[in-house]
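Colleague: I'm new to reading protein models. Could you walk me through a few features, starting with ring pairs?

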Amino acid sequence: NVGVAIDPGNVVVALRRQFETNWQMFAVRGVLAFALVAVLIVRFYYGIHVLTPSFALYAFADAAALLVAAVWRAPPNGRAWLLVTDALVGFAAGAAVFARPLLPEFSLVIVIGLRVGIGGVLLLMSATRLDGHAGQRVMVAAGMASVLFTAALFAAPHVGLSWRLAIYLLVFGVLNFALAWQLRASRR
């Protein structure tokens, strides 16, 4: 068995370049978050039957953006497994909700919590690879917002899913736009 040793410094640089090259992914994630907030406002009039398929579509679109960023213009020695894992979790969450379109609200809380929580942990792991980059703090903030939202969701699952999700998505969307801006600016 002959292995190829990759310098950890090169992996960090490759991941940093991959994020800078694919800064649009974070802007798309911000747009998707704001779109779901709009759906949550409509949900107050039409009930959970609007939230369930809308969240599934959001999960699929978000996962597609992550998957495109993982493979599009990826550096040869880059580590895209964090993005691919996040995308797979998104696809699984979307599939779980589409498989049961009349999912009870408590089950929807679990699916949303798992999707957001795992995504937050993966964002935090990605942020550790951006050591010293201007976008690192914003990525940490987005990851922490996701983890804290999940903790709040699981601590009180029957308390106002829609408004808590809307607040989280507004914060997450703004942080993703800020991250996209910082990554784009550092690219120059």
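Modeller: Rings of Phe, Tyr and Trp (its six-membered ring) pair if their centres lie within 6.5 Å; planes under 30 degrees apart count as stacked, over 60 as edge-to-face and the rest as tilted. Keep in mind that this is a predicted model, where local features need pLDDT of at least 70 and side-chain atom pairs count only at pLDDT 80 or more, while totals for chains, interfaces and linings use all residues. Residues are numbered from 1 along each chain as its sequence is written, and side-chain values use heavy atoms, with hydrogens and water left out.

Colleague: How many aromatic pairs does a search of the whole structure find?

Modeller: The search turns up 6. One of them is F60 with F98, stacked at 5.4 Å centre to centre, with 20° between the planes. F60 sits in helix α3 (residues 48-71) and F98 in helix α4 (residues 81-99), so this pair ties together parts 38 residues apart in sequence. Helices here are DSSP runs (H or I, at least four residues), numbered from the N terminus.

Colleague: How do I read accessibility for F60?

Modeller: Buried means under 20% relative accessible area, exposed over 50%, and partly exposed in between (1.4 Å probe, protein chains only). F60 has 25% relative accessibility, so it counts as partly exposed. F98, at 41%, counts as partly exposed too.

Next up is F149 with Y168, a stacked pair at 4.7 Å centre to centre and 15° between the planes. F149 lies in helix α6 (residues 136-155) and Y168 in helix α7 (residues 161-187), so parts 19 residues apart in sequence are tied together. Both F149 and Y168 are buried.

Colleague: At what angle do α4 and helix α5 pack?

Modeller: Axes are lines fitted to C-alpha atoms, for helices over the stretch in contact, and angles run from 0 to 180 degrees between N-to-C directions. For α4 and α5 (residues 105-128), the angle is about 175°, with the axes 10 Å apart.

Colleague: Which residues have the most contacts inside the largest nonpolar core?

Modeller: In soluble globular proteins, nonpolar side chains tend to be buried together. A nonpolar core is a set of buried Ala, Val, Leu, Ile, Met, Phe, Trp, Tyr and Cys residues joined through side-chain atoms within 4.5 Å. Here the largest has 50 residues, and those with the most contacts inside it are F26, F55, L108, I112, M139, L165 and L169.

Methods
Helices (H or I, at least four residues) and strands (E, at least two) are DSSP runs, numbered from the N terminus.
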